[in-house]
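Please keep the sequence and the model open beside them.

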Amino acid sequence: MNDPSVPGPPAVDPLIALRPWEAPEVTSWGRLPMNAVGRRSGVLPLDGDWRFQLLSAPDAPVGGAWTTAQVPGAWTLQGTSDLPQYTNVAMPFAEFPPHSPAANPTGVYEREVDVPADWAGRRIVLQVGAAESVLLVHVDGRPAGISKDSHLAAEFDLTALVRPGARATVRLTVVKWSDASHLEDQDQWWHGGITRSVLLYATDPLHLADVTVRAAYSGELRVDCLVRDTGGALPEGWYLTGDLDGQPLAQDAEFDRANAEDERVSDFLGEARLLAGVADVRTWNAETPELYGLTVRLHRRDGTVADTSRHRIGFRDVEVVGRDLLVNGERVFIRGVNRHDFHPLTGRTVSYEDMRADLVLLKRFGFNAVRTAHYPNDPALYDLADELGLYVVDEADIESHDHAHEIADDPRYLNAFVDRVSRMALRDKNHPSVIVWSLGNESDYGANHDAAAGWLRRHDPTRPLQYEGAAKLGWADPDVASDIACPMYASLEDCLAHALSGKQTKPLIQCEYSHAMGNSNGTLADHWAAIEATPGLQGGFIWEFWDHGILQRVSDGRPVGRGGAGLYDNGVAAPGHRWAYGGDFGESIHDGAFIADGVVFPDRTPKPAMYEHREISAPLRIECFRHEGIVLGNHQHFRGLDWLAGEWRLDLADGTTLTAPAVLPNLCPGETAAVPLPFEVPRDGGEAWLTLRVTVAEDQPWAPRGTVVCVPQVRLRGPAVAEVPPVEGRIEVDGEGLLVHPLLTAAPTLSLWRAPTDNDELGGMARRWRSWGLDTLVRKALSVSEDSGRVTVEAEYAGTTGVVRHRQVLTPVEGGVRVEEEAELPEAFDDVARVGTVFETVAGLDLLDWFGQGPWESYPDRSAGAPVGHHSVPVEELFTPYLRPQESGGRHGVRRFTLSAPDATGLAVALDEPRQISVTRYHAEDLASAGHHDELVPRPGCVVHIDAAHRGLGTASCGPDTSPSYLVAPGVHRWSWTLRAL
Ligand code: GAL
Ligand code: MG
């Protein structure tokens with residue numbers, strides 16, 4: 001401060017006077033070029049509490065009271081009056097690009113920084129990890145720089161503005177709304193703040209300005225370095241050395257000579273190259289992510305080191321050949337997910353541990369790829385992807401969804417497009433995990449995209465690029481800026497038709513598919529069966545990883561923020577709290593629960609759909625059962641089976657379970673081999689299922705030994721039909737023909753409705769069901785007759801537009817009653833949620849045991865990951881707490897079940913054939929009338945559904961509905977079951 005050698009603060013602040021928040025041409029001022037120089041030592045972290053005030057507009061005077069704010073962190077989650085707002089497409093304000101509203105929350109962050117005295121003579125750089133959406137930097141009142149591009153770091157050279165050994169006041173002003181907001185209209189919460197770390201570091205004036213690593217599958221390594229000296233012209237005699245895992249690397253003399261003789265080479269920019277050929281190189285891929293440590297050193301003529309850059313690099317190739325995306329020459333399947341930066345307490349501020357936990361979970365559930373939807377992530381995420389083994393589609397921070405058409409060709413935004421794409425590539429180019437660049441999302445397609453694509457192709461010819469907005473114009477069109485046909489939510493039929501058309505020219509990898517909103521991801525297994533069987537189809541990225549519920553206190557509607565750790569468990573918020581979605585912070589423009597569309601809950605608890613994914617990605621599979629034994633197949637691309645262990649299990653319908661250790665054959669990728677049947681299958685015992693429980697044999701970086709990888713299964717013997725003979729006895733029914741039973745508080749009646757899932761609601765099915773009156777069916781008994789103990793009840797269930805005839809025949813059997821049912825649906829009811837029985841039990845029956853698919857929730861079109869067997873789960877844990885209550889807790893393929901109290905009393909139900917059932921504490925109406933999980937009031941007993949037919953889940957909240965084969969047809973449905981006391 002008060003250094004006479006630097007001018008004092010200007011009277012008019014030029015950063016404010018410029019009004020950069022309404023100037024799309026201004027993407028930065030005073031910002032250093034982005035680069036990929038690796039980690040340096042000598043860093044001064046500036047995270048922690050900063051002085052803070054929130055202005056009503058960027059040009060409002062600073063002068064109010066200071067509070068404090070955490071950096072990194074969004075102010076919208078730190079007790080300010082400006083709260084989170086969720087919109088999908090709609091901009092939260094009416095102004096057209098490039099304008100922003102006059103009411104424009106602006107956060108002023110300030111703190112003192114003691115610049116280390118031993119930084120004298122060094123180049124001093126401020127790095128701000130991320131700020132939304134315009135960052136203005138002042139040091140001691142003097143302007144230092146401007147930056148936009150909310151998800152990439154901005155660096156500023158402060159050498160001339162600070163004095164080593166003295167204290168400086170750094171002010172970071174963050175303007176929430178700007179011309180750039182129109183480019184950051186991603187489907188997520190709007191926040192404001194500094195969301196990634198801030199730090200100061202120092203280098204020698206002679207420094208590495210960039211390092212570009214090319215490490216090929218062949219083992220060839222090329223490291224290109226840019227060298228600058230902020231002191232002036234480069235000094236004579238500088239040179240590079242390097243090493244790779246301790247092996248010295250030599251500077252390429254040819255390359256230097258070429259430069260030295262080139263008159264165009266400036267005195268101010270040095271270029272040099274390190275070259276090596278690594279023999280027997282251990283190559284990188286997502287299955288075996290081998291990394292090498294690379295160090296690059298810049299030396300002065302006297303040999304002293306001026307700068308050092310450290311990297312972990314991987315040797316691999318990626319290319320598109322015809323309609324295949326090849327990694328190291330292999331057509332790898334892309335089992336991807338779209339991941340936003342998200343945390344229920346801190347919004348877009350995500351710690352290293354959290355990022356690691358995200359990726360570890362993905363690995364454990366069979367994912368091998370991440371699309372950084374829809375902006376570059378924290379640098380640590382790419383380090384983690386390199387280390388754990390995940391392919392990354394790295395996406396630039398460009399989504400102009402609401403004004404896409406205007407902006408794509410607006411020359412005022414041209415600079416921003418190229419800036420955002422190029423800065424991403426400049427930062428991330430050295431990561432082996434990054435295999436594809438993405439130009440952004442949902443921004444139409446215009447000249448600005450082609451400009452950015454042109455820059456990319458020139459700068460990095462080693463990777464393909466994709467852009468959905470361009471691919472949309474023609475999946476096979478060679479002239480659009482996308483090397484991959486990367487549609488979103490294309491139907492399986494369309495994908496197949498394209499792959500079989502003979503016209504396909506590019507790999508088809510959906511950038512988004514299988515929308516995971518609520519109880520969803522129906523037909524995922526059908527997609528993968530087709531993908532694996534069809535050349536040209538190579539996978540896709542599920543939308544999306546997170547349910548973005550923000551932890552909220554119900555009493556005052558405030559976000560809990562950083563202090564909320566421990567206030568949630570197993571996907572559920574603690575009493576007095578809930579997962580907020582759109583509208584819960586009083587927003588007038590919002591898109592409701594559309595923000596809750598991930599495969600994990602806001603606390604990262606996996607939803608049942610994750611188990612489906614785990615199974616369809618199984619690296620080891622049972623291909624079939626033949627007379628010579630069980631045929632196993634290795635479905636990986638690069639790895640053998642030695643990292644896996646297995647255990648066989650045999651489940652017989654009579655309750656017998658046998659286990660035996662499995663000896664896995666040594667199979668190369670793609671190979672199959674038969675192994676002998678591990679058991680003598682008992683002659684009796686009925687239906688028989690053989691399961692291979694596959695686990696991790698030795699600790700992996702992402703899973704300890706023993707972690708389950710998959711549970712492939714094969715049926716060895718089908719069910720035997722068991723006749724239940726009638727016995728003498730009496731069935732008690734009331735005057736309406738309703739069964740009276742000591743264990744039931746509500747008699748079995750017909751059910752045609754389910755609490756609409758998000759897919760049912762947004763796909764329009766729920767509206768039709770309501771219009772037919774299926775949610776409020778009125779039952780009328782037509783006749784009740786008895787014939788030697790057997791009671792027949794004819795009833796009618798009237799909706800508003802049709803009547804369903806229903807017959808129940810109740811027969812006494814040993815220990816209970818057999819219920820045979822028949823329902824006839826009119827043609828008009830051509831797509832109902834279910835046809836089945838519902839009843840309610842007495843309280844206290846809190847454990848469900850069943851033989852069928854499980855143990856987790858499954859539905860007709862999402863049941864590939866739920867093996868058949870004997871399962872046992874407390875009733876409380878059967879229910880999946882989707883953020884917006886809806887149909888939940890179903891179990892598919894159930895043959896029989898018991899519901900019991902701790903003293904082993906209760907009821908047993910046997911079904912005529914494998915059926916969909918559910919046992920919860922809620923009636924469908926209870927679920928349908930609640931907006932959040934915390935509004936549900938559990939009933940004391942169990943609400944039990946047994947369905948003759950249950951509609952698939954599909955993904956119609958955004959994308960295709962379930963396939964016709966999973967719909968419930970009108971006409972006659974028959975089913976039967978027996979109920980006994982235990
Ligand atoms: C896509 C979009 C995503 C998200 C999704 C629906 O169109 O790219 O950002 O909005 O739909 O959840
Ligand atoms: Mg969008």
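1. His401 has a relative accessibility of 22%, so His401 counts as partly exposed. The classes are these: buried is under 20% relative accessible area, exposed is over 50%, and partly exposed is in between, with a 1.4 Å probe and protein chains only.

2. A word on the basis. This is a predicted model, in which local features need pLDDT of at least 70 and side-chain atom pairs count only at pLDDT 80 or more, while totals for chains, interfaces and linings use all residues. Residues are numbered from 1 along each chain as its sequence is written, chains are lettered from A and ligands numbered from 1 in the order in which they are written, and side-chain values use heavy atoms, with hydrogens and water left out.

3. Glu399 is buried, at 0% relative accessible area.

4. The shell of ligand 1. There are 13 residues around ligand 1, and the closest are Asp187, His374, Glu442, Glu512 and His515. To be near, a residue needs a heavy atom within 4 Å of the molecule or strand. By class, five residues of the shell are nonpolar, four polar and four charged. Ala, Val, Leu, Ile, Met, Phe, Trp, Tyr, Cys and Pro count as nonpolar, Asp, Glu, Lys and Arg as charged, and the others, Gly among them, as polar.

5. Contacts of ligand 1. A polar side-chain atom of His374 sits 2.6 Å from an oxygen atom of ligand 1. For a side-chain N or O atom of Glu512, the distance to a ligand 1 oxygen is 2.6 Å. For Asn441 it is 2.8 Å. The protein covers 96% of the 310 Å² of accessible area that ligand 1 has on its own. Accessible areas come from the Shrake-Rupley method with a 1.4 Å probe; for residues, only the protein chains shown count as cover.

6. Aromatic pairs. The structure holds 20 of them. Tyr292 and Phe315 have ring centres 5.2 Å apart and planes at 80°, so they pair edge-to-face. Rings of Phe, Tyr and Trp (its six-membered ring) pair if their centres lie within 6.5 Å; planes under 30 degrees apart count as stacked, over 60 as edge-to-face and the rest as tilted. Tyr292 is in strand β20 (residues 292-299), and Phe315 is in the loop between β21 (305-313) and β22 (318-321), 23 residues apart. Strands (E, at least two residues) are DSSP runs, numbered from the N terminus. Both Tyr292 and Phe315 are buried.

7. A tryptophan pair. Trp643 and Trp702 have ring centres 5.9 Å apart and planes at 70°, so this pair is edge-to-face. Both are buried. Separately, Phe52, Trp75 and Tyr109 form one aromatic cluster.

8. Glu876. This residue lies in the loop between β51 (868-874) and β52 (890-900). Its relative accessibility is 53%, so Glu876 counts as exposed.

Methods
A polar contact is a pair of N or O atoms within 3.5 Å; within protein, one must be able to donate a hydrogen and the other to accept it, and residues adjacent in sequence count only if both atoms are side-chain atoms. Helices (H or I, at least four residues) and strands (E, at least two) are DSSP runs, numbered from the N terminus.
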